Amino acid sequence: MKKILFLFVFTMLVCTHTLTAQSTTDYRLSTHILDINQGKPASGVTITLYQWDPEKEVFEEVASGKTDENGRIGNFLPSTSSNEGMYKLKFETLAYFNNQQIASIYPYIEVVFRIEGKGHYHIPITLSANGYSTYRGN
């Protein structure tokens with residue numbers, strides 16, 4: 001009897017985990033901001049994602065969000081479709097620095113990059129009022 005009960009509970013746990021895993025969406029693109037002046041993540045910064053339209057020769061808005069308390073946005077571009085192409089992330093830094101009463105020469109920062117293949121792309125920036133850097137993270 002104990003074996004049957006154990007097998008039933010084990011089967012239910014496996015089924016629940018499988019259903020949960022199938023309903024979770026994977027994303028192709030994430031970003032975050034580290035404020036190197038303060039040595040902590042920059043939360044509440046609006047970031048807009050644009051995709052290049054080669055026919056119109058313009059960047060068109062795809063998605064927008066605000067960084068969480070860890071300075072991250074992890075849910076750009078669901079991996080359920082092809083996302084190859086050229087993109088731009090626009091980091092709206094003016095309000096972030098204004099809230100801290102810090103003058104910055106960057107009202108916004110735009111980072112242009114290309115997605116090729118099926119891998120995950122993590123495009124973060126490190127930021128201060130007078131400089132920034134970007135790289136492909138993981």
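**Note on the predicted model: fold, core and ring contacts**

1. From the N terminus on, the elements run α-β-β-β-β-β-β-α-β-β-β-β. That gives two helices and 10 strands in the chain. Please keep in mind that this is a predicted model.

2. Overall figures come next. The chain has 138 residues, and buried ones make up 32% of them. It exposes about 9100 Å². Carbon and sulfur atoms supply 54% of that area. Take the contacts with a separation of 6 or more: residues 24 or more positions apart account for 61% of them.

3. The largest nonpolar core holds 23 residues. Those touching the most other members are Leu29, Ile33, Ile47, Leu49, Leu89, Phe91 and Phe113. Several elements give two or more residues to this core: β1 (27-35), β3 (46-53), β5 (72-78), β6 (85-91), α2 (94-99), β7 (109-115) and β9 (125-128). Strand β7 gives the most, with four residues.

4. Strand β7 has two faces. Ile109, Val111, Phe113 and Ile115 form the covered one. Glu110, Val112 and Arg114 form the uncovered one. β7 runs antiparallel to β6, and seven bridges join the two strands. In one of these pairings, lysine 90 has glutamate 110 of β7 as its bridge partner.

5. Leucine 29 lies in strand β1. Its relative accessibility is 0%, under the 20% cut-off, so it counts as buried. Leaving aside neighbours within four places in sequence, leucine 29 is in contact with Leu49, Gly74, Asn75, Phe76, Leu77, Phe113, His120, Tyr121 and Ile123. Leucine 49 is 20 residues from leucine 29 along the chain, and their C-alpha atoms are separated by 9.9 Å.

6. Residues up to four places away in sequence are not counted here. Leucine 89 then touches Thr31, Ile47, Thr48, Leu49, Phe76, Ile109, Glu110, Val111, Phe113 and Ile123.

7. The structure holds four aromatic pairs. One of them joins tryptophan 52 and phenylalanine 59. Their ring centres are 5.0 Å apart.

8. Tyrosine 87 and phenylalanine 113 form another aromatic pair. This one is stacked, with 6.0 Å centre to centre and 20° between the planes. It links distant parts of the chain: tyrosine 87 sits in strand β6 and phenylalanine 113 in strand β7, 26 residues apart. Tyrosine 87 is buried, because its relative accessible area is 1%. Phenylalanine 113 is buried as well, at 10% relative accessibility. Phe113 is also on the covered face of β7.

9. Two lysines sit over rings. Lysine 88 lies over the face of tyrosine 50, at 5.1 Å from the ring centre. Lysine 90 has its charged end over the ring of tyrosine 108, 4.3 Å from the centre. Lysine 90 is the residue bridged to glutamate 110, and Glu110 is on the uncovered face of β7.

Conventions
Residues numbered from 1 in each chain as written. Predicted model: local features only at pLDDT ≥ 70, side-chain atom pairs only at ≥ 80, totals over all residues. Heavy atoms only, no water. Core = buried A, V, L, I, M, F, W, Y, C linked by side-chain atoms within 4.5 Å. Buried < 20%, exposed > 50% of the residue type's maximum accessible area, 1.4 Å probe, protein only. Contact = heavy atoms within 4.5 Å. Areas by Shrake-Rupley, 256 points an atom, 1.4 Å probe, with all protein chains shown as cover. Phe/Tyr/Trp six-rings, centres within 6.5 Å; stacked < 30°, edge-to-face > 60°. Lys NZ or Arg CZ within 6 Å of the ring centre and 35° of its normal. Pairing = 2+ DSSP bridges.
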